[in-house]
Amino acid sequence: KNPLFFLLFQKNPSQKMAPAKKKADFTVRTKCFKKNPLLKRRQFVVDVSHSNWNGTVPAKKIREKLATMYKVTDINCVFVQGLKTKFGGGNTTAFGTIYDDVASAKRTEKTYMLRRIGLGKKKGPARKSLKERRNRAKSCRGKEKAKKQQAGKGKKK
């Protein structure tokens with residue numbers, strides 16, 4: 001075996017890894033713009049070009065950029081969903097909506113979308129875990145029973 005081989009391919013902790021791509025700027029364009037007065041919203045297709053970006057641009061950043069483009073006061077009125085990055089990267093398309101107010105957004109948007117941006121109700125504990133906690137408490141009595149019932153209740157808000 002060649003001793004030079006080990007010198008060339010030896011992992012040296014002092015060597016730095018190749019620098020990752022910088023999170024550069026990206027451009028957002030909209031097309032197929034439509035006003036929907038019944039749902040009190042504007043809806044459109046979003047085209048994001050991000051050639052120097054490593055991976056897909058986060059939806060939150062796209063929402064912020066759309067809010068500044070269309071002069072929206074509350075960012076919670078802007079929704080972006082269905083981000084699809086083209087093969088090879090660099091371009092992403094999505095569907096976007098801008099509501100006139102938060103109340104109309106809450107009335108129209110699905111609960112999981114509202115939960116994503118922090119407007120919807122938080123999920124409580126799963127039904128199965130509640131039942132398991134109740135059944136575990138059945139095996140004890142008195143203070144110990146109360147303690148077992150309280151054990152699983154920690155995360156409910």
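**View 1. Lysine 65 and the ring of phenylalanine 26.** Let's start with lysine 65, whose charged end sits over the ring of phenylalanine 26, 4.4 Å from the ring centre (the criterion is NZ of Lys or CZ of Arg within 6 Å of the ring centre and within 35 degrees of the ring normal). This is a predicted model, in which local features need pLDDT of at least 70 and side-chain atom pairs count only at pLDDT 80 or more, while totals for chains, interfaces and linings use all residues. Residues are numbered from 1 along each chain as its sequence is written, and side-chain values use heavy atoms, leaving out hydrogens and water.

**View 2. The pair of phenylalanine 26 and tryptophan 53.** A search of the whole structure finds 5 aromatic pairs (rings of Phe, Tyr and Trp, the latter by its six-membered ring, with centres within 6.5 Å; planes under 30 degrees apart are stacked, over 60 edge-to-face, the rest tilted). With ring centres 5.5 Å apart and planes at 90°, phenylalanine 26 and tryptophan 53 are edge-to-face. Phenylalanine 26 is in the loop between helix H1 (3-8) and S1 and tryptophan 53 in the loop between S2 and H2, so the pair ties together parts 27 residues apart in sequence (helices are DSSP runs of H or I with at least four residues, strands runs of E with at least two, numbered from the N terminus). Phenylalanine 26 is buried at 6% relative accessibility, and tryptophan 53 is buried at 9% (buried is under 20% relative accessible area, exposed over 50%, partly exposed in between, with a 1.4 Å probe and protein chains only).

**View 3. The open sheet.** Here 4 strands run in the order S1-S2-S4-S3 with antiparallel pairing (strands pair if DSSP finds at least two bridges between them). Strand S1 (27-36) and strand S3 (78-85) are the edges, each pairing on one side only. S2 (residues 41-49) and S4 (residues 91-99) pair over 9 bridges; glutamine 43 has threonine 97 in S4 as its bridge partner.
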